[in-house]
Amino acid sequence: MLDCEDELLALAGRVRIAHFLEASSAVQPGPYDVTLVEGSITTAADAERIRRIRAESRVLVAIGACATAGGIQALRNFGDVAEFASVVYARPDYIETLATSTAVADHVAIDFELRGCPIDRRQLLEVLTAFLAGRKPDLPDTSVCTECKRRGLTCVMVAEGTPCLGPVTQAGCGALCPAYRRGCFGCFGPMAKPNVAALIPRLREAGMSEGEVDRVFLTFNAATKGWSS
Amino acid sequence: MEGEGALHVTVRDGVVERADLQIYEPPRFFEALLRGRGYTEPPDITARICGICPVAYQTSACNAIEDACGIQVGGAIRELRRLLYCGEWISSHALHIYLLHAPDFLGYPDVIALATDHRDIVERGLLLKKAGNAILELVGGRAIHPINVRVGGFYSAPGRARLDRLAEQLRPALDAAIATVHWVAGFDFPDLELEHELLAVHDPARYAIESGTSVRRSAGPNFAVDAFSNHVVEEHVPHSTALHAGLDGGRYLTGPLARYTLNHEQLSPLASGLAADAELGEMCRNPFLSIVVRAIETVYAVEEALRLIEEYQPPEPSYVAVPARDGVGHGVSEAPRGLLYHRYGIGSDGLVRSATIVPPTAQNQAAIEDDLRRIVSANLHLDDEALAGLCERTIRNYDPCISCSTHFLDLTVERR
């Protein structure tokens, strides 16, 4: 939100920001009309707190890959959290954490989610504008490929043999990586009904080893359903 | 579900015995989960440690991996890396100054409230921040977690014409940056001088931003980047998730005050002149003045970005090949809030064997705690609410990464 330089003051004229600890020390008590939650659930206290937040919020929006998919830190879900703690901390016994990092929706019902690591600020403004206008937000559920075509970009996979997750990744970023001649690495997570099985042989043809194929799916949205198999 | 902070103070007979700053940001285990990843992946993965300074993580990671593989990146690619980093400095410093820190000095709870009385000033800050973001978006592809950075350079390099348009946006930002220095220099600063040792990256050729040849300290000789972990050791204290680092066993500070004090002779004539106008002198050890140093560094970064654009020749190709080899590499850069060190062990199979990341927050935490102890000791006459507000300001002198939580610092004062 703090990156919406052109819209921040206009937005502040339409909504009252009640609880935003990074940016304000003025905290208003709930209930709240709209709550934007970022971050994943990794401690018992987080799990308790998100239930309180849900109870106080009319509309709850999970924003970012941590809140919608557990984030990069969900890689612990495939490992041993005690071993992870022993690698990072001199005194792992001081660390209190859950064995998993999970999405907000795994704990409470949510109304909308904004994908991405990071989210796209135009999508954030769309959700808030829609709320103010009393309509449903218009968020895409197609693949990054559709945005790439709309921009008139040359396909990096077809033309240059660059491995790209665009065909299975949800749109929303504006096809940023292909515009920079880089393959999409999936930071918006899986689109609705992605055909991963069809893409994997193409990734291998483009030169990705088996380990690389596994790792590219196991990144910022590792714990989300849709890519997991 | 972001991190939170708490300060527990114990007072006995009117004297502060302990002041424990607790940071209970849940552990994310980056150093553990990097093991077994491809050696080209840390720039993208570690960027996610911070949404305000992702370029710093990408740059220190690239520096360390290139070092491990025995490759030096120079010429136009290195200059483009410095331009990208200038974008982050401008954007992050403008955010820190206008959106997080200045409201403290002027008695407002936040920037929105500040804008109701001083809209033109806030608009100037937003213009400056947007200019920094414009660099990040053009060179990096995105302002938060740029996608165009890779080990060895960039996926693609922008053409001359697009940079010329960027320069047009930066020229008014230079005026805004100069006006920012005059504005913040007029704030009312509490008297405070800290004796902590100072630590910053040093480059003999210019004010160190995206890399350096050594690490400079205020009370000892420079040391080589690869000797970092001989001097800086992280310890774990029971009351905090974030690790505490010590410099040869002592408290120290990294960040704007350290950079200014150790490297100020390398600032541009314009930035040096503004520092003189703001009466900063040869040293700056008052943490409340960090907002002035940030403003001066913003001027430097805008000027430097304009210079880099003027001299820019698109690198062709936009990256150098960095083949994997068995080795250990060290990388530093100056994140807006201080020195950021990365070390990677890489196997001949191209997989990361080990990763160590020492962020500025961990390095400054003991100094912040000491600072809080002094502030609380000197202000025990205040009620707990006023004292909590003063402590929050003290933390924001250093770090919005902690101040994610410190607009609601949970202060408990145990008076015995």
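Colleague: Which strands does helix α12 of chain B lie across, and at about what angle to β10(B) does it run?
Modeller: This is a predicted model, with local features needing pLDDT of at least 70 and side-chain atom pairs pLDDT 80 or more, while totals for chains, interfaces and linings use all residues. Residues count from 1 along each chain as written, chains are lettered from A and ligands numbered from 1 in written order, and side-chain values use heavy atoms, without hydrogens or water. Helices (H or I, at least four residues) and strands (E, at least two) are DSSP runs numbered from the N terminus. Helix α12 (residues 360-378) of chain B lies across β5 and β10, and its angle to β10(B) is about 140° (0 to 180 degrees between N-to-C directions, axes fitted to C-alpha atoms, for helices over the stretch in contact).

Colleague: And which strands sit at the edges of that sheet in chain B?
Modeller: The sheet is open and mixed, with 4 strands ordered β7-β6-β5-β10 in chain B; pairing takes at least two DSSP bridges. Those that pair on one side only are β7 (223-224) and β10 (252-254) of chain B.

Colleague: About how much area is buried between chain A and chain B?
Modeller: In contact (heavy atoms within 4.5 Å) are 57 residues of chain A and 59 of chain B. Carbon and sulfur atoms give 62% of the buried area, which is the accessible area (1.4 Å probe) lost on putting the two together, summed over both. The total is about 5300 Å².

Colleague: How many salt bridges are there between chain A and chain B?
Modeller: A salt bridge puts a Lys or Arg side-chain nitrogen within 4 Å of an Asp or Glu carboxyl oxygen. A:Glu5 and B:Lys129 make one, at 2.7 Å from N to O. Between the two chains, the count is 7.
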